[in-house]
Amino acid sequence: MGIALPSVRFGPMRIDGLELQASGEGVPWRATRSEGVEWCLLASDGRGEEAGATVLIRMQPGCGYPPHEHLGLEEVLVLAGGYRDHLGEHTAGHWIRYEPGSRHAPVALGGAGDEACLLYAISRGGIRTLGDQEAAALG
């Protein structure tokens, strides 16, 4: 006989007691189509564009990804710096879970001379970049 567990909706949360110090120096970063945004593939299930992947992402202050929709679940742990999206500001030690179908346009916090945003992300299913009308609906 199993135990019935309540349904839980996850939102951004700060992991108490987690202190991180990460610089991203020495990582073999690869450029993206977005200025000031780089990534490093750690693992992939090898299914092409719809693949699940584990990556490090570095966004320079004020830079970010274009508005997009998650085709599968994505989980993000902020290792350094931070970013802002429709859910608020997420800084080092925050864990965020984006459900399939969720949409956002993350932008790194800060300005020139500030710390870059460094993320550890696990994506299942990839993303779809939003068109102009869809992006405008994000606010």
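Student: Which backbone oxygen lies 2.7 Å from a polar atom of the side chain of Ser102?

Tutor: Keep in mind that this is a predicted model. The backbone oxygen of Glu99 is the one at 2.7 Å from a polar atom of the Ser102 side chain.

Student: Where is Ser102 found?

Tutor: Ser102 sits in the loop between β9 (94-98) and β10 (103-104).

Student: Is Ser102 buried or exposed?

Tutor: The cut-off for buried is under 20% relative accessible area. Ser102 has 18% relative accessibility, so it counts as buried.

Student: Which residues does Ser102 touch, leaving out those up to four places away in sequence?

Tutor: Ser102 touches His68, Glu69 and His70. Strand β5 covers residues 68-70.

Student: How do I read the pairing of β5 with β10?

Tutor: In general, strands of a sheet pair through backbone hydrogen bonds, either parallel or antiparallel. Here, β5 and β10 run antiparallel and are joined by 2 bridges. Glu69 has Arg103 as its bridge partner in β10.

Student: What is the strand order in the open sheet that holds β10?

Tutor: The order is β10-β5-β13, 3 strands with antiparallel pairing. β10 and β13 (127-129) are at the edges with a single partner strand each, so one side of each has no neighbour in the sheet.

Student: And what is the order in the open sheet with β7?

Tutor: That sheet of 3 strands runs β8-β7-β11, again with antiparallel pairing. Its edges are β8 (88-91) and β11 (107-108); each has a single partner strand, so one side of each lacks a neighbour in the sheet.

Student: How many bridges pair β7 with β8?

Tutor: Strand β7 (residues 82-85) pairs with β8 over 4 bridges, in the antiparallel sense. For instance, Gly82 has Thr91 as its bridge partner in β8.

Definitions and conventions. Residues numbered from 1 in each chain as written. Predicted model: local features only at pLDDT ≥ 70, side-chain atom pairs only at ≥ 80, totals over all residues. Heavy atoms only, no water. Buried < 20%, exposed > 50% of the residue type's maximum accessible area, 1.4 Å probe, protein only. Polar contact = N/O pair within 3.5 Å; in protein donor to acceptor, adjacent residues only side chain to side chain. Contact = heavy atoms within 4.5 Å. Pairing = 2+ DSSP bridges.
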